[in-house]
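Thank you all for coming. I would like to walk through the charged side chains of this protein and then its metal site, so please keep the structure in view while I talk.

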Amino acid sequence: KMEKDRQKLEDFLNSLKGEVVSIIPNNKNLGLAQIYGIARRINFLLIIEKINDLKMKSKTIFIITAIMLIVTNTFAQKKAKVEVAKITDNIYKLEATTTFSVNMLAFIGDDGILLVDDCMAEASETIQAELKKLSDKPVKYIISTHVHGDHTGGNKLFGKDAIIIAHSNVKKQLTSGFNILQEFSEESLPDKSIDEEMTLNFNGEDVRIIPLPGGHSDSDMIVWFTKSGVVCMGSLLLTNQLPYIDYNAGGGIKAYPENIEKAISILPDDAVLVAGHGENATIDDLKKYSEMITKTTGIVQQGLNNGKTVDDLVKDKVLAEYDSWANGFVTTDFWIKLIATGLSNEKKNNKPAKESIAIPLYYTVKEKKAEAAINQYRELKKNKPDDYDFGEQGLNMLGYYLLGKNRFDEAIEIFKLNIKNFPDSWNVYDSLGEAYMKKGDKELAIKYYKKSLEINPDNTNGEKFLNELQKKEK
Ligand SMILES: [Zn+2]
């Protein structure tokens, strides 16, 4: 019974577009007769208001009984929650939570508001509402600690009027590689790109912006409020969590602890550190963090030197004594793999990757049909096989770009070409299945999801869609 109701409600919630949804706990214990004529205990009310074509307001009230509690919980998590914590009289930490949490900082005064990072895009409006409670002044500056979307997602909203300052690699990354396909608007991109330290005098305080690239990503910066003694560390510090290194975004295992040490050497001992994710920390915490990274790297390096493989090291649980650090999304096993990848990258000297074939094709499909891109693909593969990365991911990303534009048939042609090139990959069939599903061709969607699951029975995402499709068939 629960599964059935839950599915019904989830399907309904997923189909909503632009309606107002409120979930109200029935704290006042309103009696049943007062609300609706069904004899059940009511825990939550879900209210959906829809403005239909005639601009008439119709209101649907769902009664959620104890059985539906789980549904309301999972739904609520998807909406961004923002918690505001005061650090000093004019500096606030905002922590936005969707399926995970991320920190940003607001510096408020007579000159206006300065933000360090602005969280994931889904949280923008909630953040805007919280900022209005703190000040009626506009957001003047946004300083990005690095390129990742959970730190720059609010740029689209706040960047319309504010000046965005970021490391020069942020703009480079957002306008190259696969990011081109996301078509970031002008207001989302940094207005001022820097490579050297700069000081901004704002609200009567010197704000030092210090680039420390190459650890978490190649666009890392820390931001030091010199009078208040507050420092935004970005994702160079994930408090009580194992670090994450984004090698695709220019992060490195060697530079990570080196950059932390640089920060320690510059910052005052009593600084309050705001981490990219997690609680505030002290310089002592940062020293322990750096030590943990250096020691774990040493252990993995030693194991590899002794002829062990990465899988051996994972199986041997060589970092077991660091399990207490694994409170984020990086597990101890994953950290072993990240370190090993980093060490092998150092040996390879970080040769720049070839441009994906998706990039020239993207410019073609922007103006022409996918057929032209397919011809171009064949020609380039034949005549310039060494100039581009022809890996599976390229056509896959291009196909998803077309799907996002509702160009279903063209996306299908691209995914089919990818299957021809990579017939043993489960992911290419999964993508084609998704394209048929979005087009509304259930039969073919089922066929390709099944094919994908044949190759990779662990494709849980594909399994979920396949189950839904087969349910609808009946
Ligand atoms: Zn990040």
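This is a predicted model: local features need pLDDT of at least 70, side-chain atom pairs count only at pLDDT 80 or more; totals for chains, interfaces and linings use all residues.

Let me start with K439, which counts as partly exposed because its relative accessibility is 41%, where partly exposed is the range between buried, under 20% relative accessible area, and exposed, over 50%, taken with a 1.4 Å probe and protein chains only. Residues are numbered from 1 along each chain as its sequence is written, and side-chain values use heavy atoms, with hydrogens and water left out.

K439 meets the side chain of D409 in a salt bridge, at 3.1 Å from N to O; by salt bridge I mean a side-chain nitrogen of Lys or Arg within 4 Å of a carboxyl oxygen of Asp or Glu. Because D409 lies in helix α15 and K439 in helix α16 (residues 426-439), the pair ties together parts that are 30 residues apart in sequence; helices here are DSSP runs of H or I with at least four residues, numbered from the N terminus. D409 is likewise partly exposed, at 47% relative accessibility. Salt bridges that share partners also join K369, R407 and E410 into one network.

How many salt bridges does the structure hold? There are 12 salt bridges, and another of them pairs K317 with D333, whose closest N and O atoms are 4.0 Å apart. This pair links distant parts of the chain, since K317 sits in the loop between α10 (310-315) and α11 (332-348) while D333 is in helix α11, 16 residues apart. K317 is partly exposed at 49% relative accessibility, and D333 is partly exposed at 28%. In the salt bridge between D89 and K86, the closest N and O atoms are 3.9 Å apart, and both D89 and K86 are exposed.

Finally, the metal site. Which residues supply the protein donors of the zinc ion? They are H146 through NE2, H148 through ND1 and H216 through NE2, lying 2.1 to 2.2 Å from the zinc ion, where donors are N, O and S atoms within 2.8 Å of the metal (3.2 Å for Na, K and Ca), and since water is not among the atoms, sites may look incomplete. The donor residues are spaced H-x1-H-x67-H in sequence, and H146 and H148 are both buried.

Conventions: Helices (H or I, at least four residues) and strands (E, at least two) are DSSP runs, numbered from the N terminus.
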